[in-house]
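Hi,

Here is the structure I promised to pass on. Have a look at it first, and then read my notes below.

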Amino acid sequence: MKYENLKLYRDQYMELCKKYQRKITQDDSYTFDDGKSAGRWYSNQLYKVYHWRKENKKLTQKQMENVMLIAELDNFLYDNFDKLKVYERRIEEYKKRVLEQKNTDEHSRFTDGVLMYLWYRCESFKYKKWYQEQKELSHEDYALMRMYADLENEVYDKKKVKKR
């Protein structure tokens with residue numbers, strides 16, 4: 001595939017991800033302007049890079065440029081759609097809005113459009129349920145739970161100081 005076409009597909013893939021606020025997979029029906037499946041294209045690019053790496057062969061200049069474009073795309077996906085990264089960003093936004101600015105209501109939203117109040121209540125319910133069930137958590141879920149617990153402690157401390 002020509003570098004220019006690869007770059008065009010990469011840019012269109014990124015736009016689709018932004019539009020639908022998630023990573024596009026090969027199970028999705030989203031397509032590029034020319035009708036090609038966006039999810040299949042991305043999967044094929046990862047497959048190519050995987051095989052080049054597995055073969056441990058020296059890459060041509062063209063192949064190296066392709067790998068760099070896919071790496072840029074992966075960085076974009078990680079920064080915008082990685083579960084831990086998104087959660088971390090929401091925690092920071094919540095802290096800034098609620099703890100620092102002290103202005104929030106049931107209609108306040110994160111920059112990704114999710115209602116802050118609803119998110120906070122759902123997370124609280126989810127972690128209480130996990131605790132009651134003594135559910136074994138994955139490493140990722142444990143990290144999310146720790147971030148939420150830290151936020152919960154800060155909110156509690158802020159309310160305690162406010163009452164004095």
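Before the rest, some housekeeping. This is a predicted model, where local features need pLDDT of at least 70 and side-chain atom pairs count only at pLDDT 80 or more, while totals for chains, interfaces and linings use all residues. Residues are numbered from 1 along each chain as its sequence is written, and side-chain values use heavy atoms, leaving out hydrogens and water.

On confidence, pLDDT (the predictor's confidence in each residue, from 0 to 100) averages 86 for the protein chain, and 93% of the residues score at least 70. Helix α1 (residues 3-20) has the highest confidence, at 91, and α6 the lowest, at a mean of 82. Helices here are DSSP runs (H or I, at least four residues), numbered from the N terminus.

Back to S37: you'll find this residue in the loop between α1 and α2 (38-55). Leaving aside residues up to four places away in sequence, S37 touches D28, Y30, T31 and F32, with contact meaning heavy atoms within 4.5 Å.

D28 also turns up in a salt bridge (a side-chain nitrogen of Lys or Arg within 4 Å of a carboxyl oxygen of Asp or Glu). Its partner is R22, at 2.8 Å, N to O. D28 counts as buried, at 17% relative accessibility, whereas R22 is partly exposed at 31%. The cut-offs are under 20% relative accessible area for buried and over 50% for exposed, with partly exposed in between (1.4 Å probe, protein chains only).

By that salt-bridge rule, the count comes to nine. K95 is worth a look, as its side chain meets E92 at 3.7 Å, N to O, and E154 at 3.0 Å, N to O. K95 and E92 are three residues apart in helix α4 (residues 83-100), so about one helical turn separates them. K95 lies in α4 but E154 in helix α6 (residues 139-163), so this pair ties together parts 59 residues apart in sequence. K95 is buried, at 17% relative accessibility, while E92 is partly exposed at 45% and E154 partly exposed at 34%. Elsewhere, salt bridges that share partners join R10, D11 and E72 into one network.

Cheers

Technical notes. Helix = DSSP H or I, 4+ residues; strand = E, 2+ residues; numbered from the N terminus.
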